[in-house]
Amino acid sequence: MKKFICEKCNYIYDPKEHNNVTFENQPEDYKCPICGAEKKSFKEIKEETIEDNNPETQKKHIPVISKSENGKTLIKIGEIDHPMEEIHYITKVQLIKNNKVIETKTLHPNEKNIVEMETIFNTEIEALAYCNLHGIWKSK
Ligand SMILES: [Fe+2]
């Protein structure tokens with residue numbers, strides 16, 4: 001089931017923690033339980049295997065996680081390099097663990113699409129990549 005993230009405070013809505021009620025089925029006056037932001041402040045987190053997404057779009061956006069030379073967490077967006085141009089770029093990357101955001105880095109046009117985070121690499125870490133045109137993508 002689809003997860004959503006509050007863009008104000010980074011709270012992640014996982015239907016599993018809400019008796020399997022999808023985010024879409026929450027009432028229009030639903031508010032973020034952490035910061036009180038409105039429902040429209042939430043954005044869908046796209047995961048792999050969404051069939052209507054073309055595989056190339058997925059490969060350009062799904063963050064790839066590895067261990068950097070000094071043991072930290074390295075994020076590359078994506079398997080096929082995502083552009084980092086004024087009109088189309090990755091605005092930020094985040095690391096998540098247990099559905100909580102543990103680190104955020106803001107990116108800018110013309111920077112690299114590979115980012116070394118401060119967090120020590122560990123296999124439980126997941127990553128989100130925010131594209132200014134194509135939404136929020138989660139690592140596998
Ligand atoms: Fe994109």
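A nonpolar core, as I use the term, is a set of buried Ala, Val, Leu, Ile, Met, Phe, Trp, Tyr and Cys residues joined through C-beta atoms within 7 Å. Buried means that 20 or more other C-beta atoms lie within 10 Å of a residue's own; exposed means 12 or fewer, partly exposed is in between, and C-beta atoms are placed from the backbone.

What you see is a predicted model, in which local features need pLDDT of at least 70 and side-chain atom pairs count only at pLDDT 80 or more, while totals for chains, interfaces and linings use all residues. Residues are numbered from 1 along each chain as its sequence is written.

I start with the core. The largest one has 25 residues, and those with the most contacts inside it are I5, I90, V93, L128 and A129. Strands here are DSSP runs of E, at least two residues, numbered from the N terminus. The elements giving two or more residues to this core include β1, β3 (42–46), β6 and β9 (126–131). Of these, β9 gives the most, with five residues. At least three residues of the core come from each of domain 1 (3–46) and domain 2 (55–138); those bounds come from an automatic or database domain assignment.

Next, the two domains. Their C-alpha centres lie 22 Å apart. Eight residues of domain 1 are in contact with eight of domain 2, where contact means C-beta atoms, placed from the backbone, within 7 Å. On the domain 1 side, β3 gives the most, with four residues. That side divides into three nonpolar, one polar and four charged residues. Ala, Val, Leu, Ile, Met, Phe, Trp, Tyr, Cys and Pro count as nonpolar, Asp, Glu, Lys and Arg as charged, and the others, Gly among them, as polar.

Now the sheet. It is open, has seven strands in the order β2-β1-β3-β10-β9-β6-β7, and its pairing is mixed. Two strands pair if DSSP finds at least two bridges between them. At the edges are β2 (12–13) and β7 (100–106), each pairing on one side only. β6 (residues 90–97) and β7 pair in the antiparallel sense over six bridges, and K92 has T106 in β7 as its bridge partner.

Finally, two residues. K3 is found in strand β1 (residues 3–6). Is K3 buried or exposed? It counts as buried because 21 other C-beta atoms lie within 10 Å. Leaving out residues up to four places away in sequence, K3 touches I12, Y13, D14 and I45. With neighbours within four places likewise set aside, I5 is in contact with N10, I12, F42, K43, I45 and I136.

Conventions. Contact = placed C-beta atoms within 7 Å.
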